[in-house]
Amino acid sequence: MEVMMSIVCGILFMAATYLMLSKSLLRIIIGTGLLSHGAHLLILTMGGLKGGAAPLLGEKAKSYVDPLPQALILTAIVISFGVTAFMLVLAYRSYQELGTDDMDHMRGTDSHE
């Protein structure tokens, strides 16, 4: 299972890199979202995909699950949601002002014509 999750992480990183290298601002934002999802899956995979009971004091289980990767992923999801919302608002405002989402046109140079 860890091998399949590692392959999925690699595919997400590959797609995110491709999208972030494009000229469209919306594709860049989608690429950063995919990159954060790939990082979440990578943290989960590195924490181990084993079954077990929740680490509670009253439980008498044979194995416990480590809660640290899940807590880190939850924090990272909240942070990436805030950053993505900020980038979407910034992209919307720049589209209102400039009328384009092309990064070459947004630079302000005349080399794109």
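Helix H2 covers residues 25–47, and at 1.5 Å a residue its 23 residues should span 33 Å; the end C-alpha atoms are 33 Å apart, which agrees. The expected span is 1.5 Å times one less than the number of residues in the helix. Helices are DSSP runs of H or I with at least four residues, numbered from the N terminus.

The model is a predicted one, in which local features need pLDDT of at least 70 and side-chain atom pairs count only at pLDDT 80 or more, while totals for chains, interfaces and linings use all residues. Residues are numbered from 1 along each chain as its sequence is written, and side-chain values use heavy atoms, with hydrogens and water left out.

**Helices H2 and H3**

The buried residues of H2 are Leu25, Ile28, Ile29, Gly31, Gly33, Ser36, Gly38, His40 and Thr45. Buried means under 20% relative accessible area, exposed means over 50%, and partly exposed lies in between (1.4 Å probe, protein chains only). The cover over these H2 residues includes H1, helix H3 (68–98) and helix H4 (103–107); contact is taken as heavy atoms within 4.5 Å. After H2 comes Gly48, with a positive phi near 100°.

For H3, 31 residues at 1.5 Å each should span 45 Å; the C-alpha atoms at its ends are 44 Å apart, in agreement. Its buried residues are Pro69, Ile73, Ser80, Ala91 and Ser94, and they pack against H2 and H4. H3 is followed by Gly99, where phi is again positive, near 80°.

Met4 lies in helix H1, which runs over residues 2–20. With a relative accessibility of 47%, Met4 counts as partly exposed. Met4 also belongs to a nonpolar surface patch with Met1, Val8 and Leu49, and together these residues have about 370 Å² of accessible area. Patches consist of residues with over 30% relative accessible area and no salt bridge; like charges are joined within 9 Å, and nonpolar side chains (Val, Leu, Ile, Met, Phe, Trp, Tyr) within 5 Å. Accessible areas come from the Shrake-Rupley method with a 1.4 Å probe, and for residues only the protein chains shown count as cover.

Tyr18 is also placed in H1. Its relative accessibility of 61% makes Tyr18 exposed. Ile28 is ten residues from Tyr18 along the chain, and their C-alpha atoms are separated by 9.0 Å.

**Salt bridges**

A search of the whole structure finds three salt bridges, each defined as a side-chain nitrogen of Lys or Arg within 4 Å of a carboxyl oxygen of Asp or Glu.

| Pair | N to O distance |
|---|---|
| Asp104 and Lys23 | 3.0 Å |
| Glu97 and Arg93 | 3.1 Å |
| Arg107 and Asp104 | 3.0 Å |

Asp104 forms its bridge to Lys23 from helix H4, whereas Lys23 sits in the loop between H1 and H2, so this pair ties together parts that are 81 residues apart in sequence. Arg107 and Asp104 are three residues apart in H4, which separates them by about one helical turn. Arg107 is exposed, at 60% relative accessible area.

Glu97 counts as exposed at 53% relative accessibility, and Arg93 as partly exposed at 44%.

Note on methods: Helices (H or I, at least four residues) and strands (E, at least two) are DSSP runs, numbered from the N terminus.
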